[in-house]
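Welcome, and thanks for taking a look at this protein with us. Please have the sequence and the model side by side as you read.

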Amino acid sequence: MHKDVTELYEEFGDERLPPGQRETEAFPVLSKGPTPEWDPETWEFTVTGAVENELTFSWDEFQDLPSETQQQDFHCVTGWSMFDCAFTGVPFLELAERAGVIDDVDERRSTGNPTDSGQAVHVMFSALDGYTTDLPLEDCLREGVLFAWGYDGEPLPADHGGPLRVVTPHRYAYKGAKWVDGIEFLTEPERGYWERRGYSRTANPWQEERYS
Ligand SMILES: Nc1nc2c(c(=O)[nH]1)N[C@H]1C(S)=C(S)[C@@H](COP(=O)(O)O)O[C@H]1N2
Ligand SMILES: [Mo]
């Protein structure tokens, strides 16, 4: 079953296509370097930092986590957008709950109210190619933020971040780490790879927050 989250733009304005973007049908590949190798036998995903429970998953274990398929839009800071991408993966909320960062996912989903006792305010994502990107915790605790291992009913292609990438439909796509292999919960904000090089920390496409 697909969950359609393409209407999230409505909280940011009237236009589904953010200002200064053009729609594309082909899915371009944008990486800072070559596509990294990975080995399903040794691949490991870690959840560390300001959490109650540190977590480690093998590739098999990660794929056994509850997942869902969502229809989402994808906005690249260089000016292209793709509508109606079907990504399958594990909601960020699922991992945040298991790590004890938030108290109750269902309550969070229904009320939007943080009831959290944890200290984490920020999140750093890391990836096999050395890429990092950061987001405020609040920005991660959204339905559309997925650790995606599927695209269009197929395994996520390696160039697009397979085996696992983050998608952030409410933010420019550099906030979604391809080849992601870890998240660290932080008690203070830190900056990721592009954020240290002048890209916006907040990256809201409808506000055209491209550079800082
Ligand atoms: N690990 C990693 N993740 C990354 C990048 C990268 O270079 N390395 N590039 C980012 C940028 S700038 C964009 S626009 C998107 C591009 O995703 P795509 O190649 O699937 O279109 O991935 C983001 N995630
Ligand atoms: Mo990008």
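Please keep in mind that the model is predicted.

**Negative charge on the surface**
- A patch of negative charge on the surface brings together Asp 39, Glu 41, Glu 44, Asp 60, Glu 61 and Asp 64.
- One of these patch members, Asp 39, sits in the loop that runs between strand 2 (22-23) and strand 3 (44-49).
- Asp 39 has a relative accessibility of 34%, so it counts as partly exposed, since that class lies between the 20% limit for buried and the 50% limit for exposed.

- You will find Glu 11 in the loop between strand 1 (2-4) and strand 2.
- Glu 11 counts as exposed because its relative accessible area is 52%, and the cut-off for that class is over 50%.
- Although Glu 11 and His 170 are 159 residues apart along the chain, their C-alpha atoms are separated by 9.9 Å.

**Strand 12 and its neighbours in pairing**
- Strand 12 spans residues 180-186 and is mostly covered, with 6 of its 7 residues buried.
- With strand 3, strand 12 pairs in the parallel sense over 4 bridges; here Gly 49 stands opposite Phe 185 of strand 12.
- With strand 7 (residues 122-127), strand 12 pairs in the antiparallel sense over 6 bridges; Ala 127 stands opposite Val 180 of strand 12.

Notes. Residues are numbered from 1 along each chain as its sequence is written. Chains are lettered from A and ligands numbered from 1 in the order in which they are written. This is a predicted model: local features need pLDDT of at least 70, side-chain atom pairs count only at pLDDT 80 or more; totals for chains, interfaces and linings use all residues. Side-chain values use heavy atoms; hydrogens and water are left out. Patches are made of residues with over 30% relative accessible area and no salt bridge: like charges are joined within 9 Å, nonpolar side chains (Val, Leu, Ile, Met, Phe, Trp, Tyr) within 5 Å. Accessible areas come from the Shrake-Rupley method with a 1.4 Å probe; for residues, only the protein chains shown count as cover. A salt bridge is a side-chain nitrogen of Lys or Arg within 4 Å of a carboxyl oxygen of Asp or Glu. Lys and Arg count as positive and Asp and Glu as negative; His and the chain ends are not counted. The place of a charge is taken as NZ of Lys, CZ of Arg, CG of Asp or CD of Glu. Helices (H or I, at least four residues) and strands (E, at least two) are DSSP runs, numbered from the N terminus. Buried means under 20% relative accessible area, exposed over 50%, partly exposed in between (1.4 Å probe, protein chains only). Two strands pair if DSSP finds at least two bridges between them.
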